[in-house]
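Me: I would like to work through this protein step by step. Can we begin with the whole chain and then go to the details?

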Amino acid sequence: MKKITFKKIIYVFFISATLFTLGACEKSIDQKIVLEDNEDETAENYNYTSDYKYNLNVVYFVAKDRVINPGYEQRISKIMIEGQKFFNKWMKHWGYGDITYGLLKDEEKKRIKIHTIYGTQNSSSYQSGMDGAVRTEIEQYFAQNAGSKTSDHVLVLMAVNEKLDNGEELANSVPFYATNKYGYALEYPGMSQDNLGIGGEVGDKATVYIGGLLHEMGHAINLPHNGPSESKFNSSEFGMTLMGGGNYTYGKSPTYLSKFDAATLVNCQIFSKTINTFYGAASSEITELEAKYENDEIVISGMYNVSVPISSLSFYYTPETSPDGYTSVTWTVDQGTGNSFNIRMPISEFREKANLNYSLHIFFHHQNGVLSSKPYAFKFINDVPEISFGDKHYLDRAVWTIIESSLSQEGYPAVNILDGNPNSYWHSSWTSTSIGHPHHVIIKTSESSVTASGISILPRPESGSAGKIKAFTIETSIDGIVWTQVYSGNMVALNGYQNFNFDSVKTFKYLKVNSLSDHNQERYASIAEINLF
C-alpha cells in the first residue's frame with residue numbers, strides 16, 4: 001500500500017526569550033511546529049488499544065537539523081513492548097500481579113502509538129540540560145491535540161543521525177535524564193532490540209542506549225536510583241538493578257527490578273487498570289521508632305501515621321560514596337496490621353561497609369502514587385553499624401527564637417530551622433561572595449533554663465553534598481555572653497536526622513551552632529531542623 005504521511009501545522013505566536021532561552025531575539029516572531037503521526041499507512045490500519053486507563057506517552061522528537069531514522073516506528077515499538085514484558089516479569093515475581101506499564105498499541109501489528117514532533121530549532125538548542133525548549137514544544141503539541149496525552153508520564157526519544165554503534169560521535173548532545181515525569185533518551189540509526197547481547201560495539205551500544213532508555217523511563221514513572229543487595233548482585237537470576245547500573249547490563253547480563261521498584265510502580269498511574277486520583281498531597285509521620293544492631297542485623301520497629309493510605313514501606317540505605325543512590329540497598333515490607341512495622345536487615349546484604357557514613361530513608365508507598373519519606377543517619381565502623389537514631393524525647397520548641405545567624409540567603413532564613421518542616425531550611429548567603437566559614441546560628445530556648453543531653457540536626461533535604469555542613473561545634477550559654485563548648489565533631493552523613501550527645505548533661509538558655517566546613521569544601525552552610533533531647 002502506498003505510504004501516506006499525515007501532517008498538521010500549528011502556528012504559535014511567541015514572545016522570544018519567554019519560552020526559549022537559546023537563540024532568542026529581541027522581537028516577536030512567528031514560529032512553526034510541524035507535527036506528524038507515526039502511521040505509515042492509512043490511520044484505519046492501526047487499531048491502538050490498551051487494557052490500562054492511563055498510558056505512557058511516547059514522543060519521537062526531531063530537531064530542525066535532524067531527520068527521522070528509517071524504521072524507527074518498528075524498532076521503538078519492539079523496544080517498548082519488550083520493556084513491558086521485562087517490567088511485567090518483575091511485577092509478578094514480587095507478588096504485585098500481572099501488570100506492567102500501559103501503552104497504546106496494535107497487538108496484531110506489534111506497533112505502539114508514537115507522537116512524532118518536528119522541532120522548530122536546531123539540535124544545538126536542545127542539548128543536554130536544556131529540555132525546557134523540547135518540553136515546551138511537546139506541551140504545545142498536546143495542548144493542540146486534545147485527548148492525545150493519556151497520562152502524566154512522557155518518554156521523549158530524541159532523533160540523532162550518527163551511527164553511535166559504528167564509532168560515530170554526537171555532534172550535539174541531547175537530554176538524557178528525567179525530570180518531573182518526563183524521561184529523555186535518544187534513538188540512533190539501527191538502534192534495535194535484536195542487537196542486545198550480540199557482543200561487540202553494536203551490542204554494547206544497544207545495552208547502553210536501550211538500557212539507558214528504560215532507566216530514564218523508570219525515573220519518569222517515579223523510580224529513584226537503587227542498587228542490588230550483595231546476594232542479588234552475585235545471583236545469576238538477579239544481578240544488577242535497572243535503576244542502579246542497568247544501562248550497562250540490560251540485555252547483556254542479569255538485570256532486574258527491585259521489590260522497592262515494584263512496590264512503587266504498583267501505585268503508578270500508568271500501571272492502573274481503573275480510574276483513580278493520582279499524585280495529590282500525601283504525608284507521613286513516624287510516631288515511634290526503635291533501631292538497634294543485633295545478631296548481625298539492623299532491627300527497626302515503630303509506629304506511623306499517614307494522610308493517604310499506603311501499600312508498602314521501604315527501607316532505603318545510601319552510602320556516602322553514592323549520594324545519588326546508585327548503590328543504595330533496599331528492603332520492602334507490605335503494610336501490616338495497624339500502623340506498625342518491624343523488620344530485620346542482615347548487614348551481610350550491604351555491599352559497602354568498612355568505615356562509611358550512611359543515610360536511611362524510610363519510604364511510605366502511598367496508594368495515590370506518591371512516595372513520602374523520613375531520613376535518618378548512622379555509620380559503619382570496621383564493618384559494624386553504629387546506630388544512633390531512634391526515639392529521642394525532644395524538648396518543646398514552642399517558645400524558641402532565632403536571635404542571630406550568619407548572613408542568610410534570601411528565601412532561606414534561619415527561622416526555617418524551627419518551623420518543623422524538613423523540606424525548608426536555613427542557608428548561608430551564596431550571593432555575598434566574601435562570606436565563608438565559620439557560620440553560626442544562635443537560638444534562645446526560653447526565659448528560664450532548659451536541660452538537655454544532646455542535639456539532633458537534620459541537613460537540607462536535597463540529595464548530594466552541596467551546602468551541607470561537615471565539621472561543627474556546639475556551644476551553650478546562660479546569659480548569651482559567656483559560652484561553653486559542649487560538642488565538637490562531624491556530621492555522620494549527608495542526609496537524615498543525626499543525634500549527638502553533649503560531653504555531659506547541660507543547663508542553659510542559649511544554644512549556638514557553629515559550622516566550620518561543608519562537605520564540598522566550599523563556603524556554605526545549611527540546616528533544615530534542630531532539636532534538643
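**Contacts, fold and one lysine**

Reply: This is a predicted model.

Me: How many helices and strands are in the protein chain?
Reply: Both kinds of element are present in the chain. The helices number 5. The strands number 29.

Me: Why is the protein chain said to be as compact as a globular protein of that length?
Reply: The globule rule gives 24 Å for 533 residues. The chain is close to that value, so it counts as compact as a globular protein of its length. Its radius of gyration is 26 Å.

Me: What share of the 533 residues is buried?
Reply: Buried means under 20% relative accessible area. In the protein chain, that group makes up 55%.

Me: What distance separates the end C-alpha atoms of helix α3?
Reply: Helix α3 covers residues 200-220, which is 21 residues. At 1.5 Å a residue, the helix should span 30 Å. The model agrees, because the end C-alpha atoms are separated by 30 Å.

Me: Which residue with a positive phi follows α3?
Reply: Its phi is near 90 degrees. The residue is Asn 222.

Me: Is Lys 232 buried, partly exposed or exposed?
Reply: Lys 232 lies in helix α4, residues 230-233. Its relative accessible area is 22%. Buried needs under 20% and exposed needs over 50%. Therefore Lys 232 is partly exposed.

Me: Which residues does Lys 232 touch, not counting residues up to four places away in sequence?
Reply: Two of them are Phe 238 and Gly 239.

Terms used: Residues are numbered from 1 along each chain as its sequence is written. This is a predicted model: local features need pLDDT of at least 70, side-chain atom pairs count only at pLDDT 80 or more; totals for chains, interfaces and linings use all residues. Side-chain values use heavy atoms; hydrogens and water are left out. Helices (H or I, at least four residues) and strands (E, at least two) are DSSP runs, numbered from the N terminus. The radius of gyration is taken over C-alpha atoms; the globule rule is 2.2 Å times the number of residues to the power 0.38. Buried means under 20% relative accessible area, exposed over 50%, partly exposed in between (1.4 Å probe, protein chains only). The expected span of a helix is 1.5 Å times one less than its number of residues. Contact means heavy atoms within 4.5 Å.
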